[in-house]
Amino acid sequence: MSEQEFTIADLKRILLEGAGADEGVDLDGEILDTDFEELGYESLALLETGGRIEREYGISLDDDIFTEHRTPRALVAAINGYLKDLVAS
């Protein structure tokens with residue numbers, strides 16, 4: 001099985017597909033270290049995002065994934081950890 005990688009581009013696409021973007025938020029800007037709430041993504045939007053990630057990548061995320069990983073950079077790293085574990089098992 002080849003190792004998948006989850007990128008910031010993947011996250012942006014999934015965020016836009018699932019919840020869109022607030023006016024005034026430029027997802028193409030420097031968002032890597034910006035809290036999801038500051039980007040306009042609250043719990044319901046993040047639940048949708050998590051569900052889309054799970055379905056697309058075949059992984060099961062912990063319930064607290066978004067409370068522990070509050071920025072795009074942290075979330076991308078966490079998702080890649082899940083994918084690495086999936087390949088290793």
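Guide: A pocket is an open set of points on a 1 Å grid over the protein atoms alone, where a 1.4 Å probe fits and protein lies on both sides within 12 Å along at least five of seven lines. Grid points are joined across faces, edges and corners, and the volume is the space filled by probe spheres set on the points. Here the largest pocket has a volume of about 320 Å³.

The model is predicted: local features need pLDDT of at least 70 and side-chain atom pairs pLDDT 80 or more, while totals for chains, interfaces and linings use all residues. Residues are numbered from 1 along each chain as its sequence is written, and side-chain values use heavy atoms, without hydrogens or water.

Two helices (DSSP runs of H or I, at least four residues, numbered from the N terminus), α2 and α3, are the elements that give two or more residues to the lining of the largest pocket. The largest share of that lining is from α2, with 6 residues. By class, the lining has 7 nonpolar residues, 4 polar ones and 7 charged ones. Asp, Glu, Lys and Arg count as charged, Ala, Val, Leu, Ile, Met, Phe, Trp, Tyr, Cys and Pro as nonpolar, and the others, Gly among them, as polar.

Now to the aromatic pairs (rings of Phe, Tyr or the six-membered ring of Trp, with centres within 6.5 Å; stacked under 30 degrees between planes, edge-to-face over 60, otherwise tilted). The whole structure holds 2 of them. One joins Phe 6 and Tyr 57 edge-to-face, 5.3 Å from centre to centre with 85° between the planes. Phe 6 lies in the segment before α1 (8-19) and Tyr 57 in helix α2 (residues 43-57), so this pair ties together parts 51 residues apart in sequence. Both Phe 6 and Tyr 57 are buried (under 20% relative accessible area with a 1.4 Å probe, protein chains only; exposed is over 50%, partly exposed in between).

Because Phe 36 lies in the loop between α1 and α2 and Phe 66 in helix α3 (residues 65-68), their pair ties together parts 30 residues apart in sequence. Phe 36 is buried at 2% relative accessible area, and Phe 66, at 11%, counts as buried too.

Definitions and conventions: 1 Å grid on protein atoms, 1.4 Å probe; cavity = no way out; pocket = protein on both sides within 12 Å on 5 of 7 lines; lining within 4 Å.
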